[in-house]
Amino acid sequence: MTKFPFTFCAASAAVLSLALTGFASAQVAGTPGPPLPVPDQTNVRHDAPLNPNLPTIFIVGDSTARNGADLGWGDHFAHYFDTTKVNVANRAIAGRSARSYMNEGAWDKVVAELKPGDYVLLQWGHNDGGGPLTPSFNARGEGKGVGEESVDIPITRPFTTGPLAGKTTETVHTYGWYNRKYIADARAKGATPLLLTVTVRNIWPMGPDGKPHIERDMGYRDFDMQIAASEKVPLIDMATVAADKFEMLGVQTTALLFPIDHTHTSPVGAEMNAASVVTALKSAKAPVVQYLAPVVGPTK
Amino acid sequence: MSNYRPYLAVALLLASTTALMAQAPAAATPVVPDAPPQVSVPPKMPLNPALPTIFVVGDSTASNGPNLGWGSHLGNYFDLTKVNVANRAIAGRSSRSYMDEGHWDSTLAEIKAGDFVLLQWGQNDGSDLGGPGSRNARGDLRGDGDATQDVTQAVGPKMGQLETIHTYGWYNRKYVADILAKGATPMFLSMTIHNSWKPDAAGTLHVALDMRFGPVMWKIAEENHLAFIDMAPVEATRMESVGKDKASLWFPIDYVHTSPEGAELNAQSVVIALEIAKSPLLKYLKAPLPIPPDVETATKTSETALAANVATASVTPPPRPAPTVAPSTDVASPATAVPK
């Protein structure tokens, strides 16, 4: 409760810093630039040490999970869990796609932290837009789909860190390929990967009934389902849970939860998305639910 | 405090053996009230904006004139220098009609981040859906899920309009979404107990726990990781411990509505259920109430029963045909008495 006055102040400060941290489009994959400033997290600090005796739930994704202080759902997630039994580590970074998070070495750092018994929540899509892979492909996105095709492109601004450091060409793969690599890497460390559907955007196309209905799929749903099926990972469908809530709120109230743009939420919207992830984890009977704090009334 | 208007209506209710569900009757002639003075927080008392607020949203069992609903007694147990207690329940309402009539919009406008909302629906949710001959059109579709039924309303705020009626679960999920979107915390309460006794195999009389609406509430709470404050087994244990004859004194109006004393005891049941749930709301209590023997066991039994009945209670039956003749005008037939 005491966190709200603070977080609303923090929210406005965070809006100011969006040019640096918030917008997915501000960051071009393959051209890392200077390290991004990370504001203090009001929930669990990004650099909070993990208790080595406990399993850890890692969140790997983009600005919808971690966006300034308190604007991503990953910073509202730990309070649902019994943190005497599990660590919650939000390792999402604003502006990243499945490809750019790997290219800059962020994933290597998470892999180094992973230990057997940990969990990795993977959520990509907002910055992954791409198209057919051709030799002229150099956008931040990936090849559309889940296939094995790839293309080599020249690296125009060299990486100083990460797997591409010192390289002059990058092999660009599909959305599916990157996700399969996350899954395989996590499993190789004895951790359990879980694939989340992408957060819902505040976009309301007209439905066949002549009424606006919130967008439930920004184009990755089928890919996520295919990846989950082929790799046998649980698909945590938080998008449907969140969309059901927004649909009940209606266009006007939902808009209050998206004060920045149609992708990024307020702190309250982030809290709602975190709750939707919890609901989706329960619905999928994901093993991490064993670490949920018992329902003892309000969890805030 | 005693110059407080719903008094007359309550006195009428008390005097009447037929008045039932809720719609507070208009006072025709002044009647000397025999109810004790309001013991708790007047409904229109301003809320201290610096404090969190516990809202009560429900029907006549929580708010039935001064003193007859448990929500009017709940403030007695909380330290009102630390928390506001705001009883926003309205007699006669269902989860649907509280929204249809705009009451939810008014309450929602008061709710701020960090507040708590106790939701308790069911007593009036089994009424008719409206249409020709309907008296109050407050029922919703049974169960949970996306089923809807369009009904042209003959009475009420949507008179003359085609209203899309949703399931009981849908309305409750909408309350949850609206509360979460305010940064507040929704919590469910099981329904209050009816003074209705049935013998078991050994001939011992028992009161029944609601298994029609409770399992849907319990399921929504479970899915959303929200508190389900199970006051019903607390109340049932108390009633069964004193027996039918004495417990019936708490129900002088009908088998749903309590006396002021019954309402006070129900408020205590809510507090005890919060204690069993280890709710963080306990930090706002003046003092904890002792948890009576057998209540924790009864609560576990109740939860097992709720979980076991989720599937049955979630089913929405096929649409009911609109009534072609006016139903009986007998106001004594309680809407919740007849299973649909």
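Q: How many residues of chain B are in contact with chain A?
A: This is a predicted model, where local features need pLDDT of at least 70, side-chain atom pairs count only at pLDDT 80 or more, and totals for chains, interfaces and linings use all residues. Residues are numbered from 1 along each chain as its sequence is written, and chains are lettered from A in the order in which they are written. Contact means C-beta atoms, placed from the backbone, within 7 Å. On the chain A side 23 residues take part, and on the chain B side 24.

Q: Which element gives the most to the side of chain B that touches chain A?
A: Elements are DSSP runs numbered from the N terminus: helices (H or I, at least four residues) and strands (E, at least two). Both α4 (168-180) and β6 (185-189) of chain B supply at least two residues each. The top contributor, with 5 residues, is α4(B).

Q: Are the faces of strand β2 of chain A buried or exposed?
A: Buried means 20 or more other C-beta atoms within 10 Å of the residue's own, exposed 12 or fewer, partly exposed in between; C-beta atoms are placed from the backbone. In a regular strand, side chains alternate between the two faces of the sheet. In β2 (residues 87-90), Asn87(A) and Ala89(A) cover one side, Val88(A) and Asn90(A) the other. All four are buried.

Q: Which residue in β2(A) stands opposite Ile57(A)?
A: Strands pair if DSSP finds at least two bridges between them. Strand β1 (residues 56-60) of chain A runs parallel to β2(A), joined by 4 bridges. Opposite Ile57(A) stands Val88(A).

Q: Why is Pro193(A) classed as buried?
A: Pro193(A) lies in strand β6 (residues 192-196) of chain A. Its contacts beyond four places in sequence include Val120(A), Leu122(A) and Val233(A). Pro193(A) is buried because the other C-beta atoms within 10 Å number 23.

Notes
Contact = placed C-beta atoms within 7 Å.
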